[in-house]
Amino acid sequence: SHTSTLLPNGKVLIAGGFAGSGGESNPYTTAELFDVSSGTFQSVGSMSVGRSGHTATLLKNGKVLIVGGWTGHYDGLGSAEIYDPASGAFTPTGNMVIERAGNTATLLPDGRVLVVGGVDRQENAIASAEIYDPATGKFVQTGSMAEPRGAHTAAALKDGKVLIVGGGSGHYPSQNIYRSAELFD
């Protein structure tokens with residue numbers, strides 16, 4: 001439940017996650033860079049809160065937006081932070097409008113990030129969506145999906161729309177699995 005993000009310099013940022021049975025209640029704050037050319041890992045700064053089931057989105061300025069996720073005792077579930085490859089540091093940014101984990105985060109053509117669905121503290125799927133603006137560091141609520149979705153996928157399309165596919169009524173849906181898709185315009 002960690003994230004891996006390819007950076008413009010060719011290295012890969014690996015952030016958060018957890019280890020072992022029951023480890024999801026104590027996710028990692030740590031992050032590492034994987035250097036593809038040397039095959040080595042290097043520790044970098046720590047996130048402000050341990051996260052698993054979060055998202056990491058490469059922004060147009062080369063920084064990485066880290067959003068939501070399970071944070072142990074749910075502290076910081078609605079929080080977000082920015083990783084700066086130049087300094088190797090994580091810095092808190094605005095909080096989401098709705099706390100969520102297991103959501104998707106998709107870079108839009110204008111540089112903003114669409115955050116969609118996921119699950120709440122009770123692991124019920126969420127239909128809401130919000131947009132993060134790197135220029136202001138704030139999240140703003142936008143239109144909701146027709147169905148609440150967790151464990152879904154999202155893909156940016158060439159026309160600027162975002163295709164949301166599948167998922168279900170919870171984080172690891174064992175029932176109410178969706179075969180449907182929706183478009184964000």
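Arg112 is partly exposed, with a relative accessible area of 30%, where partly exposed lies between buried, under 20% relative accessible area, and exposed, over 50% (1.4 Å probe, protein chains only). Arg112 forms a salt bridge with Asp110, and their closest N and O atoms are 2.8 Å apart; a salt bridge is a side-chain nitrogen of Lys or Arg within 4 Å of a carboxyl oxygen of Asp or Glu. The model is predicted, so local features need pLDDT of at least 70 and side-chain atom pairs count only at pLDDT 80 or more, while totals for chains, interfaces and linings use all residues. Residues are numbered from 1 along each chain as its sequence is written, and side-chain values use heavy atoms, with hydrogens and water left out.

**Salt bridges**

- Side chains of opposite charge can pair when their charged atoms come close.
- Seven salt bridges are found in a search of the whole structure.
- In one of them, the side chains of Arg100 and Glu130 meet at 2.8 Å, N to O, and this pair links distant parts of the chain, with Arg100 in the loop between strand 8 and strand 9 (104-107) and Glu130 in strand 11 (residues 129-133), 30 residues apart.
- Arg100 is buried, with a relative accessible area of 0%, and Glu130 is likewise buried, with a relative accessible area of 0%.
- The side chains of Asp84 and Lys63 meet in a salt bridge of 4.0 Å, N to O, which links distant parts of the chain, since Asp84 lies in strand 7 and Lys63 in the loop between strand 5 and strand 6 (64-67), 21 residues apart.
- Asp84 is partly exposed, with a relative accessible area of 22%, and Lys63 is partly exposed, with a relative accessible area of 30%.
- A network of salt bridges links Glu147, Arg149 and Glu182.

**Sheets**

- The secondary structure of the protein comes to zero helices and 15 strands; helices (H or I, at least four residues) and strands (E, at least two) are DSSP runs, numbered from the N terminus.
- Four strands form an open sheet in the order 1-2-3-4, with antiparallel pairing, where two strands pair if DSSP finds at least two bridges between them.
- Strand 1 (3-6) and strand 4 (40-44) stand at the edges of this sheet, each with a single partner strand, so one side of each is left without a neighbour in the sheet.
- Strand 3 (residues 31-35) runs antiparallel to strand 4 and is joined to it by five bridges, and Asp35 stands opposite Thr40 in strand 4.
- Another open sheet of four strands has the order 5-6-7-8, and its pairing is antiparallel; its edge strands are strand 5 (55-58) and strand 8 (89-93), each of which pairs on one side only.
- Strand 7 (residues 80-84) and strand 8 pair in the antiparallel sense over five bridges, and Asp84 stands opposite Ala89 in strand 8.

**Overall form**

- Along its principal axes the C-alpha trace spans about 45 × 40 × 30 Å.
- Of the 185 residues in the protein, 46% are buried.
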